[in-house]
Amino acid sequence: MNDDLLAKRSHERDLMLAVAAGDRRAFTALHGRFRPLVERYVRHHLHDPSHAEEVVQDVFLEIWMISERYDPRHSVIAWVRTIAQRRAIDRVRKNRADRDRDLRIGTRDHETVDHTAAERAESVLDRAALHRGIGRLPERQREAVVLRHLVGLTGPELATELGVPVGTAKTRARDGVLALRRDMARETA
């Protein structure tokens, strides 16, 4: 290794040790130094920019939280990269599990519709009942149901629009649909 690279690695190690001692300025410097690398590592695994940004934030939060575990015998880059890759892979697995769960729920709840003339007439009545039912939902659920199922936003788009995490947005939409089904079942019974 050349002297410049050795000096750079030594400076990074000193920054990491200062972070472990609770030095916020050192953390800011470390963040500035490694953020582009962390973003590149994370985007290699996650293509959704909002998910990637969340994971980047999680990586630096974890670095701050577990900085005392850093072993100065190893390079800071390798340690940070390991955390970034682990977080990114965890998010990929979580996203896959969420999609699989949504697919299972969607398949379970899927109902085939036959549009005969009588059913079309009932459909008009059902739309009116649906409109009334949506109006009776709590505001948070109503907003999530309308954006997700009537506007057609994806889970991440819904989360962005509502300003909440993706899981919260999906839960609000799912709970709203379930409440709407119960409400409509009572109305038609």
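Helices α1 and α2 sit oblique to each other, where oblique covers whatever is left once angles under 35 degrees (roughly parallel), over 145 (roughly antiparallel) and 65 to 115 (roughly perpendicular) are taken out. This is a predicted model, so local features need pLDDT of at least 70 and side-chain atom pairs count only at pLDDT 80 or more, while totals for chains, interfaces and linings use all residues. Residue numbers start from 1 along each chain as its sequence is written, and side-chain values use heavy atoms, with hydrogens and water left out.

**Overall build**
- The chain has eight helices and zero strands; both kinds of element are DSSP runs numbered from the N terminus (H or I and at least four residues for helices, E and at least two for strands).
- Of the 189 residues in the chain, 32% are buried, meaning under 20% relative accessible area with a 1.4 Å probe and protein chains only (exposed is over 50%, partly exposed in between).
- Take the contacts (heavy atoms within 4.5 Å) with a separation of 6 or more: 63% of them join residues 24 or more positions apart.

**α1 against α2**
- Helix α1 (residues 3-20) packs on helix α2 (residues 24-45) at about 135°, with the axes 8 Å apart.
- Those axes are lines fitted to C-alpha atoms, for helices over the stretch in contact, and the angles run from 0 to 180 degrees between N-to-C directions.
- The crossing is left-handed, which is the label when the near helix is turned anticlockwise from the far one by less than a right angle; clockwise gives right-handed.
- From α1, the residues in contact include Leu-15, Met-16 and Val-19, and from α2 they include Phe-27, Leu-30 and Phe-34.
- By class, this contact has nine nonpolar, no polar and four charged residues; Ala, Val, Leu, Ile, Met, Phe, Trp, Tyr, Cys and Pro count as nonpolar, Asp, Glu, Lys and Arg as charged, and the others, Gly among them, as polar.

**α2 against α3**
- The axes of α2 and α3 come within 10 Å and cross at roughly 140°, so this pair is oblique too.
- Here α2 passes α3 in a right-handed crossing.
- Phe-27, Leu-30, Phe-34, Val-38 and Val-42 are among the α2 residues in the contact, and Val-59, Phe-60 and Ile-63 are among those from α3.

**α6 against α7**
- Helix α6 (residues 139-151) and helix α7 (residues 155-162) pack at about 140°, with their axes 10 Å apart.
- This pair is oblique as well, and α6 passes α7 in a right-handed crossing.
- Glu-143, Ala-144, Leu-147 and Arg-148 in α6 meet Gly-155, Leu-158, Glu-161 and Leu-162 in α7.
- That contact has four nonpolar, one polar and three charged residues.

**Cores**
- A nonpolar core is a set of buried Ala, Val, Leu, Ile, Met, Phe, Trp, Tyr and Cys residues joined through side-chain atoms within 4.5 Å.
- The largest one has 27 residues, and those with the most contacts inside it are Met-16, Leu-30, Phe-34, Val-38, Val-42, Ile-63 and Trp-79.
- Elements giving two or more residues to this core are α1, α2, α3 (49-66) and α4 (76-109), with the largest share, eight residues, coming from α2.
- Leaving out residues up to four places away in sequence, Ile-63 touches Met-16, Phe-27, Leu-30, Trp-79, Val-80 and Ile-83.
- A second, separate core of 10 residues includes Ala-144, Leu-147, Leu-158 and Ala-159.

**A buried histidine**
- His-51 lies in helix α3 and is buried, with a relative accessible area of 9%.
- Not counting residues up to four places away in sequence, His-51 touches Leu-46, Arg-91, Asn-95, Pro-156 and Val-166.
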